[in-house]
Amino acid sequence: MRTKRSHAMRGLAVLAAAGVLATACASERDDSSGEELNETKPFVFAAPGDARSLDAFYATDGETFRVTRQIYNTLLKHEAGGSEIVGDLAKSWEQNDEGTVWTFELEQDVTFHDGEKFNAEAVCANYDRWFNLTGDFQDSNVSYYWQKIFGGFAENESDDLPPANYKSCTAEEEFKAVIEVEKYSANLPGGFSMAAFGIMSPKVIEAQAAAEVTGEPGAFEFPEYSQDPAAVAGTGPYRAVGWDKASQEIKLERFDEFWGEAAGIKTLIIKTISDENARKQALEAGDIHGYDLVAPADVTPLKDAGFQVPERGVFNVLYLAYQQEGNEALEDLEVRQALSHAVDRQRIVDTILPDGSEVATQFMPDTLTGWSPDVTEYEYDTQKAKDMLADAGYADLEIDFCYPTEVTRPYMPAPRDIFDIIKADLEAAGVTINEEALPWGDYIPKTDAGGCSLYLLGWTGDFNEAYNFLGTWFGHYDSGWGFRNDDIFDGLDAVANEPDPAKRETMYQELNVEIMDFLPGLPISHSPPSIAFSADVNPPTVSPLTQEDFSEATWK
Amino acid sequence: MLRFVVRRLLQLVPTLLGLSVLLFLWVHALPGGPEYSLLGEDATSEQREQLRQSLGLNDPIWMQYGRFMGQLLQLNFGVSLSTGQPVMTEFLNRFPATAELAITAMIIATAVGIPLGYFAARYRGRLLDTGAVAGSLIGICIPVFFLGFILKVVFAEHLGILPSAFRQTAGLDATHPTGFFVLDGLLTGELDAAWDAFLHLILPGITLASIPLAIITRMTRASVLEVLGEDYVRTAESKGLQQRVVRGRHILRNAMLPVVTAMGLLTGSLFAGAVLTESVFAYQGMGSFVYQATQTRDYPVLMGFIMLIALIYVLVNLLVDISYSLFDPRVRVR
C-alpha cells in the first residue's frame, strides 16, 4: 500500500508544481509604460473568419479586407469613424461634368514596403493590370469587385461578362493620375475606395505577371504569391510578415517608412475565432485584446467588467421582405401596409439590438446622401392593422414566415428573437403565422428563389452611395421580392447614370418616397455591429463601414 | 502475421469504396449549395447558375461521382471552395493539431481511466468505487461544450492560470517542422514554445477526454471484476505471488482485451468530439474546419476530410486488432 500511495503523492506533487509554474507564467505583470509596450507587446485581434488572400483584388469578403486594409492604401477611403469619402493615396480628386474622367492628385513621398517609389505610374500599373487580366482571372470568383464596379476587361473572353466600363489610366504627371471610364456610373467615386483596389508595388506586379489561378473553374486556388507575406508589398502602415495557416494567424509589423503617421503598436496579429462565445471568453481571459461582432447580449456584461465596447456608426439596414409572387395577399398594397402597421419596430430596437440602433424609415441609413425625410412612415398600430386587413378581405390571413438559424449578421444579431417579436405582433393583428426555421446555407437560396412569403434579411453598405443599397434590391426584377415596378426600375437606372451629385440626391430622395409608398418590404432597423477591446488599449476609431485602421491603436 | 495484415488491408478497399458512395450521396443530398456561400447575399440567380455550371453541379450525380473517384485515385481531393486552398494542404495543416489534441485526450483517458477502473473494481462498493461510477456517468452525460465552458470560466478567466484559446500564445515566434507543437518545441529546443503549447492542450484535452475517460473507466472496472472472479486469479493469489505480478500478468492483461477494443472504437468519437471541443477553445484543428465546411456546403472539404478521417479510423482499428495478439496470442492464429 505504501508504494501505491507514494506514487499517487508523487503524481500530485508534479501536477501541483505544474500548476504553480503555470500560475507564475500567467501572473507576470507588465509594469512597462505604454510606449515600451507598443514595441514589445503584440496586439491580438480576433476575427470571426479567415482571410483568403494577401492580394486584396481577388477577395470579396470583409475578413480579407480587414487585413489588406492595414497593408495597402487605395486612391480614396472613408473618413475615420464616418462614411464620407476622403482622399487616401490621392490628396484630392476631381471629375469632369460627365463623370467619365477622374483626375487624382497623388500624395508624394510615399514608399512601398519593398522600397519602390509610389507615383502615378504605379497607380496605372495596378489599374491596367486589373483591366488586362485574362483567362481564369476573368471568372467572377476571382475578379468580383472589378466586374461590379468597372465591368469587363480589355478583352472579354466570355459573352457572359459585362462590357468594360473602364477605359484607361494615364500618368499625366509624376503625381497626377487620370482614370477614364466609358460612361458615368453611380459606383464612382465610391468604387475607388474599395479595399479590393489596394495599390500594390509595381515590382510585385512585374514579378507576378505570370502568376496564375489554378484549380477547377468555380473552385479556384488563388495565385501562390497571394498567400505569401514575403511576396506582397503595399504602402500601408503595416507590412505582412507571417501567415500561419495552421494557427489561423496573420502577423503584421509596423512599416517604419510609412508616409502617414506611424503605427502605434509594432506588432499586430489577426487571429480567427469563429465561435462568438469563444471570442468573448478569449478576451475575458486575456488571450486576445479585441474582437469583432459582439453579441448584443454580451455588450453590457463586457462593459460592466471593464472592457471597452465603442459604438460604431450605423451603415446597414435590416428589413422584413414581402415576397409578392409567393403569396397572393401580399400583392395587395393594403395588406402590405397593414402588416407594416402591425410590427412594433421600436420594441425590437429597444430590447434586442445594441445601443445606437434606430428604427429604419427607408431602405438606407440617414448618413447616406439621398435619404429622404418625407417618406411615408408606418407607425405601430395593431387596431389599424386589423381594420386594414379586414378591409382588404384578409381578416384571417395565413402566411409563411422564414428566419435563419445558427447565424448572426452585422445587421441582424439575434434572428430568432427578432422573429419572435414580429411573429407575436402579426398574430396580435389576427394573422396566422406558419414559421419556418432554416440554417443560413439553406435560408439564402430559399428566400432568394422566392420560397418564403415573409423573411428577414439585410445589407451592409460597401461605400457611401445610395445606389449601393437601393440598386442592390430594386434595380431590376428580383425573385426574392417578386414584383415588377417599372417606375422604380427605370428611376434607379436613370440615377445610376446621372453624374451630377446634386441631381442624384434629389432622384434618390424621390425614389425613397416612391419605394416606401410601394412598400416592397418593411425596413426595420439600422444597428451598429459591435466591436470590443480590452481595457489596456487605446482602440482605433471604430468605423460604421467596419473599416478600422489598426495603426491608430496604442497600449495605455 | 504479415498475411493477416495484408488481408485486413485488402478488406479496407470495399469498405472505403462503399463509404465513398454513401458519403457522396449524403453530401449532395444536403439542401442548398456552395454557390450561396461563395457568391454572398447579393449575387443574381444567373451568376449562381453560372457557378453551378462551372462547378459541374448540374451534371448527373453518377458523372460527378465518377469525376470524384477519378481524382481520388490520383490522391487529388480538390480545392476548398471557401479558402481556395487544396483540400490536402488544408488537411495536412490541421491534422497535426487534432491528432495532438486526440492523443492528449487519449493519454488522459487511459492514464486516469485504467487505474481508476482497476481500483474501483478491487475496492468494489467502497467510496472510491461509488465515486468512480458516479463520476464516469457524469463524464458521459455532460455536454462537451458545457464542460469546456466551465473549465474556461474557472481556469482561464477566474484563476487565470491556463489559456482559453488557440494552440499557442498568439504572436509567439516558434518554428513548426512537424505541426505537433509540443513535439516541435522539444525538437527545435524552443522549450518555452513547447511548454506554452502544452499549457494550451490541458483544458481542451480534459474536455475531449471526458467521454473516453468515462467509458474506459467503466469498461476496465467491469472487465477487471469479471477477471477477478476467475479461478486462475484466485490460484495466483493463493500460491502467494506478488501483488504486482498478479495485477499485471493475471488481472490487467486479461482484462485489457475489451478495453483496447473500446479504445480503438473511441478514436471515432474523439474526432467527433474534436468538432465541438475545437470550436469551444478556438483550437485550430480539423474539427472546427469541418464544422465550418458543413455550414458553407464546402463539398470538397467535407468529402476529403471525412474520407481521410475514415481511413485513419479503420487503420487505428486495424492496429487494435493487431495489438490483440499482444494480449492474447490465440487471436493471431486465426
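Me: Why is the pair A:Asp292 and A:Arg66 called a salt bridge?

Reply: This is a predicted model, and in it the closest N and O atoms of A:Asp292 and A:Arg66 are 3.0 Å apart.

Me: How many salt bridges does the rule find across the interface of domain 1 of chain A and domain 2 of chain A?

Reply: Two salt bridges turn up there. The rule also finds twelve residue pairs in polar contact across that interface, both residues being at pLDDT 80 or more.

Me: Which elements give two or more residues to the side of domain 1 of chain A that touches domain 2 of chain A?

Reply: Those are α3 (62–71) and β10 (238–244) of chain A. The largest share, six residues, comes from β10(A). By class, that side of domain 1 of chain A has 13 nonpolar, twelve polar and six charged residues.

Me: Where do the domains of chain A run?

Reply: Domain 1 covers 51–247, domain 2 covers 250–312 + 530–555, and domain 3 covers 316–526. The centres of domain 1 of chain A and domain 2 of chain A, taken over C-alpha atoms, are separated by 26 Å. Their contact takes 31 residues from domain 1 of chain A and 27 residues from domain 2 of chain A.

Me: What area is buried between domain 1 of chain A and domain 2 of chain A?

Reply: About 2,500 Å², with carbon and sulfur atoms giving 62% of that. On the domain 1 side of chain A, A:Arg66, A:Pro237 and A:Tyr238 supply 28% of the area buried against domain 2 of chain A, more than any other three residues.

Me: On to chain B. How many salt bridges does the rule find across the interface of domain 1 of chain B and domain 2 of chain B?

Reply: Zero salt bridges, and zero residue pairs in polar contact with both at pLDDT 80 or more. On the domain 1 side of chain B, α1 (2–29), α2 (34–39) and α4 (61–73) each supply at least two residues. The most, 13 residues, comes from α1(B). That side of domain 1 of chain B counts 17 nonpolar, five polar and one charged residues.

Me: What area do domain 1 of chain B and domain 2 of chain B bury between them?

Reply: About 1,900 Å², of which carbon and sulfur atoms give 82%. Domain 1 of chain B is 1–74, and domain 2 of chain B is 91–166 + 205–332. Their centres, over C-alpha atoms, are 32 Å apart. The contact takes 23 residues from domain 1 of chain B and 16 residues from domain 2 of chain B.

Me: What makes residues 101–121 of chain B a "transmembrane region"?

Reply: That label comes from the UniProt annotation, an unreviewed entry, which also covers 133–155, 197–216, 257–281 and 301–327 of chain B. In the model, residues 101–121 of chain B are 100% helix and 0% strand, with end C-alpha atoms 29 Å apart. Residues 257–281 of chain B are 96% helix and 0% strand, and their end C-alpha atoms lie 34 Å apart.

Me: Where does UniProt place the feature "domain: ABC transmembrane type-1"?

Reply: At residues 95–324 of chain B, again from an unreviewed entry. That stretch of chain B is 81% helix and 0% strand, and its end C-alpha atoms are 27 Å apart.

Definitions and conventions
Residues numbered from 1 in each chain as written. Chains lettered and ligands numbered in written order. Predicted model: local features only at pLDDT ≥ 70, side-chain atom pairs only at ≥ 80, totals over all residues. Heavy atoms only, no water. UniProt positions renumbered as here; feature names shortened; annotations may be inferred. Helix = DSSP H or I, 4+ residues; strand = E, 2+ residues; numbered from the N terminus. Domains from an automatic or database assignment. Contact = heavy atoms within 4.5 Å. Buried area = accessible area lost by both parts, 1.4 Å probe. Salt bridge = Lys/Arg side-chain N within 4 Å of Asp/Glu carboxyl O. Polar contact = N/O pair within 3.5 Å; in protein donor to acceptor, adjacent residues only side chain to side chain. Nonpolar A, V, L, I, M, F, W, Y, C, P; charged D, E, K, R; others polar.
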